[in-house]
Amino acid sequence: MSHVVGVDAGGTSTRAIVVDASGAVLGTGRADGANPNSHPPHTAASRIASAITGALGGLDPAATAACVVGMAGVSKLSDPSIAEIFEAAWKDAGIGPVRTVPDPEVAYASATSSPDGSVLVAGTGSIAGRIRGRRMVSTVGGYGWLLGDEGSAYWLGREAVRSTLDVLGRGGEPGPLARAVLTEALGPSAVDPAARASLWRALITSANAEAPIRLARFAPFVSEAYREGDPAADEITTRAAALLVTNVMTARDPGERTPIVLVGGVLSPEGPVGTKVRAELAGLEVLTSTDGVLGAAWLAAVDAYGEGAPRPVPR
């Protein structure tokens, strides 16, 4: 009996599942993050291989009919020397061939069987993609924190800090968002209206002393302040939603009616940005990605068993 393997390899964790031709999940495996842009390639490759080996358990690796790995940072494998490292890891795990794809492709496939559509990702970073034949054929955004990532957790955190600096610089009264940012960055004693000038300098110094991506840690405060009725948080989340919607609509043809799959914590239906994005996309088929590893396994099943392959059934 043959089986297929699906892998979702992100920056913080890697998960693998083995699925048979009926869609039943036969095994699962897990490892640490395996984005080759965030981790040394040898480390990333060995972690993916470890997750696959864990998922296979006692199953024969040679019976693997197909394997799809959805990988953050997959473009790194365009370097032949890097690709060779990963190919050696697949060989050590006893499986092949392995098809590596961008992680938005497996996220899209987790939500819909439609071959064509769009995917919008907003987590720490953001990107929108056009999907054709279940492949991401073009993208909008996704340039990283320095050049883009509009509407992402990084962007929200940066705007939260900028908004706080504006309040302090203009002598305004810090609202819920500004107070939360100051407390997180400078400590509980930082919220002192009488010390606005020193707080302004201290916040700038604190933000610039850390890696820029650390600004993403302020993003949850935007959602919390929005729920408290903070106008600054409302304005930031409205702009974030507008930027994200612009990106995903730019990735689509005029009048296109194919599904749009939303991916990432920023686009959660419970959050303000996700709610506003869905409101702006009203009238279109908007879906939420369920679990990227299920999408990867289903893509592998389609590779092995054809279009009629059943979708994996989580256990």
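Visitor: What should I know about the numbering and the cut-offs before we start?
Guide: Residues are numbered from 1 along each chain as its sequence is written, and side-chain values use heavy atoms, with hydrogens and water left out. As this is a predicted model, totals for chains, interfaces and linings use all residues, while local features need pLDDT of at least 70 and side-chain atom pairs count only at pLDDT 80 or more.

Visitor: In what order do the 5 strands of the open sheet come?
Guide: Strands here are DSSP runs of E, at least two residues, and helices are runs of H or I, at least four residues, both numbered from the N terminus. Two strands pair if DSSP finds at least two bridges between them. The pairing in this open sheet is mixed, and the order is S3-S2-S1-S4-S5.

Visitor: Which strands stand at the edges?
Guide: Look for strands with a single partner, so that one side is left without a neighbour in the sheet. Those are S3 (25–32) and S5 (98–102).

Visitor: Which residue of S4 is the bridge partner of glycine 6?
Guide: S1 and S4 pair in the parallel sense over 7 bridges. Within that pairing, the S4 partner of glycine 6 is valine 68.

Visitor: And on to S5: what is the hand of the β-α-β crossover from S4?
Guide: S4 (residues 64–71) pairs with S5 in the parallel sense over 5 bridges, and glycine 70 stands opposite valine 101 in S5. Between the two strands the chain passes through helix H2 (residues 80–93). The test is the path from the first strand over the helix to the second, with the strands pointing away from the viewer: clockwise counts as right-handed. This crossover is right-handed.

Visitor: How many residues of S4 are buried?
Guide: Buried means under 20% relative accessible area, exposed over 50%, and partly exposed in between (1.4 Å probe, protein chains only). By that cut-off S4 is mostly covered, and the count is 7 of its 8 residues.

Visitor: At about what angle to S3 does helix H1 run?
Guide: Angles run from 0 to 180 degrees between N-to-C directions, using lines fitted to C-alpha atoms, for helices over the stretch in contact (heavy atoms within 4.5 Å). H1 (residues 41–56) lies across S1 (3–9), S2 (13–20), S3 and S4. Its angle to S3 is about 150 degrees.

Visitor: Which residue in the turn of the S7 and S8 hairpin has a positive phi?
Guide: S7 (residues 126–132) and S8 (residues 135–141) pair in the antiparallel sense over 6 bridges, and arginine 130 has serine 138 as its bridge partner in S8. There are 2 residues between the strands, and the one with a phi of about 60 degrees is glycine 133.
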